[in-house]
Structures are given as structure tokens and as C-alpha cells.
Amino acid sequence: MLTNESCTIFIRNGLGFDRFFVPKCHWQESISSAVFKDGFQSKDGITVYIFVKDITEMLRTELDTALRTRNRAAKDIIVKGECNFKFDGSSQQAASESMKKLNANYDVHTVMSIDRLLYGSENMQHYKITANSGVSR
């Protein structure tokens, strides 16, 4: 698998987020559409592959925790490239304002699933993150 991008993962932590920069990942965007009798529907999606060897132990622990606590789905977010945004989770209002600023300045995607694919050789072990093309507000 080739790496073609970097990304920043924001993992929900109370009102705020813990930020993790991933210098190497494979970022893949897809657009699918279908025509139904009641109209046309299109869906955009993001799939990100992150090799275990390319991430810190701290991020690996956080991803494993997110897998164990499935109710966190659709609360974590991912941004293409390096995002140095500092999220303010000190209060509900500060968190809301921070989310608005983050959405206004970056292309933010809501994480829908995280798959741990730790089989095969060490060079092939990876996490697969799927996300939609918009953050839930």
C-alpha cells in the first residue's frame, strides 16, 4: 500500500478533542450515486489507511480505545493534512465556537468506523478509518 498524504485525527475527549498528527497515510476519496424512483442520491466517502509502523504508541492506544467503545462513533473527526487547530473544550459554548471555527477553516470529516487490521506481516498491519464528507454539528 502506498502513502499519499498526511492527516490529523481528532479523538473526542469530553467537550474537546485530543489531536493526533499522522505523517503518512493513504487517503482515498469516493463518490457514489444512485437513481431511485423518488430522485437522485449521491454519497461522498473517505477511506484512510494508516500503517501501524507509522503511528505513535499513544495514537494506537487511542484508536484501540475508540474500537472498544463503539458509542464514540460519529464523534471523532479527521482532517486531510496537518491541522494545528487548538480545540477549546473548557465549556459547552467554547466547544461550540471551536467546532464552528474548525469547520470554517478546514475540510472536516466525521469518522464513521475504525477497523483494526493487524494480521499478516508487520509491514501490512494497519487501521482503516472510514468517514463521511461532513462533520456532525
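Which residue stands opposite I78 in β5? H109 in β5 stands opposite I78, and this position opens the views described below.

These legends describe a predicted model, in which local features need pLDDT of at least 70, side-chain atom pairs count only at pLDDT 80 or more, and totals for chains, interfaces and linings use all residues. Residues are numbered from 1 along each chain as its sequence is written, and side-chain values use heavy atoms, with hydrogens and water left out.

View A. Helices (H or I, at least four residues) and strands (E, at least two) are DSSP runs, numbered from the N terminus, and two strands pair if DSSP finds at least two bridges between them. Strand β1 (residues 5-13) pairs with strand β4 (residues 77-80) in the antiparallel sense over four bridges, and F10 has I77 as its bridge partner in β4. With strand β5 (residues 108-117), β4 also pairs in the antiparallel sense, here over three bridges.

**View B. The two sides of helix α1.** Helix α1 (residues 57-68) has 12 residues and reaches 17 Å from its first C-alpha to its last, close to the 16 Å expected at 1.5 Å a residue, the expected span being 1.5 Å times one less than the number of residues. Its buried residues (under 20% relative accessible area, 1.4 Å probe, protein chains only) are L59, L63, D64, A66 and L67. Seen down the axis of α1, these buried residues fall within an arc of 155°, so they line one face of the helix; the arc is that of the directions from the helix axis to the C-beta atoms. E57, M58 and R68, on the other side of α1, are exposed (over 50%, with partly exposed in between).

View C. The structure holds three salt bridges, each defined as a side-chain nitrogen of Lys or Arg within 4 Å of a carboxyl oxygen of Asp or Glu. In one of them, R116 and D64 meet at 3.1 Å, N to O, which links strand β5 to helix α1 across 52 residues. R116 counts as partly exposed because its relative accessibility is 41%, whereas D64, at 13%, counts as buried. E29 and K80 form another, with their closest N and O atoms 3.6 Å apart, and this pair links strand β2 (residues 16-36) to strand β4, 51 residues apart.

View D. K100 and E97 form a salt bridge whose closest N and O atoms are 3.8 Å apart. Both residues lie in helix α2 (residues 92-105), three residues apart, about one turn of the helix.
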